[in-house]
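Student: I am new to this structure. Please show me how to read it, one feature at a time.

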Amino acid sequence: MSNLIQALDARRFPLHGLRLIEASAGTGKTFTIAALYLRLVLGHGAENGFARPLTPPEILVMTFTRAATRELSDRVRARLIEAVQCFRGEAEPEAHDQFLRDLRDAYAPGAERDKAAWRLDMAAQCMDDAAIHTIDAWCQRMLREHAFDSGSLFTQTLETDHSDLLGEVLREDRKSTRLN
C-alpha cells in the first residue's frame with residue numbers, strides 16, 4: 001500500500017485523465033489546487049498538461065462545504081493575481097514562491113510571458129463565474145441544466161431533515177405488517 005502514496009509535484013502532475021488527490025488537513029490541498037488551477041488556465045505542462053488553456057467556468061472544482069467553496073474561490077483568485085504580478089515582474093522575484101518562479105520561467109520573457117500574464121489576469125477577473133461547488137450544489141446544477149435529459153423537475157429542493165420521510169416509511173411499514 002505504501003508504494004501507492006506519492007508526494008504530489010504540482011509542476012508536473014498530469015492534468016488529463018482521471019486523478020484523485022486525497023490528503024489530510026493542513027497538508028497544502030488548497031495551495032496544490034490553486035497551483036493546478038494556474039496550470040490549467042495557462043495550458044501548461046506539455047504531455048502532462050491539458051490539451052488547451054481553460055477558463056474558470058471550464059474548470060470544475062468540488063469540495064464538501066459551502067464555506068470551503070468560498071475559501072477556495074478566494075484563494076484561487078488571490079493566487080491568480082499573485083501569478084499575474086510574478087509574470088509581469090511587478091514584485092521582486094524573491095517575493096514569490098518557487099512554484100510561481102518555476103512556472104513563470106517556463107515562459108520566455110517578452111510576448112510569450114505577456115500572453116501568459118494576460119491569460120492569468122482574465123481568469124482572475126472572471127472568477128465570479130468559476131465552477132467551484134459543493135458536491136450537492138453541482139448535482140443540483142446538473143439536474144437543473146439537464147432537466148429534460150434527466151427527466152427531473154426544473155426546480156429541485158434539497159431535503160436536509162429526513163424525519164418526516166422516516167416517519168412516513170415507519171407508518172407504511174407498520175401498515176404492511178398488519179395487513180400480512
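**A buried histidine and the helices around it**

Tutor: His-44 has 14% relative accessibility, so it counts as buried. Buried means under 20% relative accessible area, exposed over 50%, and partly exposed in between (1.4 Å probe, protein chains only).

Student: What kind of model is this?

Tutor: It is a predicted model, where local features need pLDDT of at least 70, side-chain atom pairs count only at pLDDT 80 or more, and totals for chains, interfaces and linings use all residues. Residues are numbered from 1 along each chain as its sequence is written, and side-chain values use heavy atoms, with hydrogens and water left out.

Student: Where does His-44 lie, and which residues does His-44 touch?

Tutor: His-44 lies in the loop between H1 and strand E1 (60-63). Contact means heavy atoms within 4.5 Å. Leaving aside residues up to four places away in sequence, His-44 touches Arg-11, Leu-15, Arg-39, Gly-49, Phe-50, Leu-103, Ala-106 and Tyr-107.

Student: How many helices and strands are in the protein chain?

Tutor: Helices (H or I, at least four residues) and strands (E, at least two) are DSSP runs, numbered from the N terminus. The protein chain has seven helices and two strands. Their pattern along the sequence is α-β-α-α-α-β-α-α-α. Of its 180 residues, 29% count as buried.

Student: How many residues of H1 are buried?

Tutor: In H1, 10 of the 14 residues are buried, so the helix is mostly covered. Among them are Thr-32, Leu-36 and Leu-40. The buried residues of H1 pack against E1, H2, helix H3 (98-105) and helix H4 (111-125). Gly-43 follows H1 and has a positive phi, near 70°.

Student: What span does H1 reach from its first C-alpha to its last?

Tutor: The expected span of a helix is 1.5 Å times one less than its number of residues. H1 reaches 20 Å, close to the 20 Å expected.

Student: At what angle do the axes of H1 and H2 cross?

Tutor: Axes are lines fitted to C-alpha atoms, for helices over the stretch in contact, and angles run from 0 to 180 degrees between N-to-C directions. Helix H1 (residues 29-42) and helix H2 (residues 66-88) cross at roughly 55°, and their axes come within 9 Å. Angles under 35 degrees count as roughly parallel, over 145 as roughly antiparallel, 65 to 115 as roughly perpendicular and the rest as oblique. H1 and H2 are therefore oblique to each other.

Student: Which residues make the contact of H1 with H2?

Tutor: Among them are Phe-31, Ala-34 and Tyr-37 of H1, and Leu-72, Val-76 and Phe-87 of H2. The contact residues divide into 12 nonpolar, one polar and two charged. Here Ala, Val, Leu, Ile, Met, Phe, Trp, Tyr, Cys and Pro count as nonpolar, Asp, Glu, Lys and Arg as charged, and the others, Gly among them, as polar.

Student: At what angle do H2 and H4 pack?

Tutor: H2 and H4 pack at about 160°, with axes 9 Å apart. That makes H2 roughly antiparallel to H4. Their contact includes Leu-80 and Val-84 of H2, with Trp-118 and Leu-120 of H4. The contact residues divide into 11 nonpolar, no polar and four charged.

Student: Which residues of H1 meet H4?

Tutor: Leu-38, Val-41 and Leu-42 in H1 meet Ala-116, Arg-119, Leu-120 and Ala-123 in H4. Six of the contact residues are nonpolar, none polar and one charged. The axes of H1 and H4 come within 9 Å and cross at roughly 115°.
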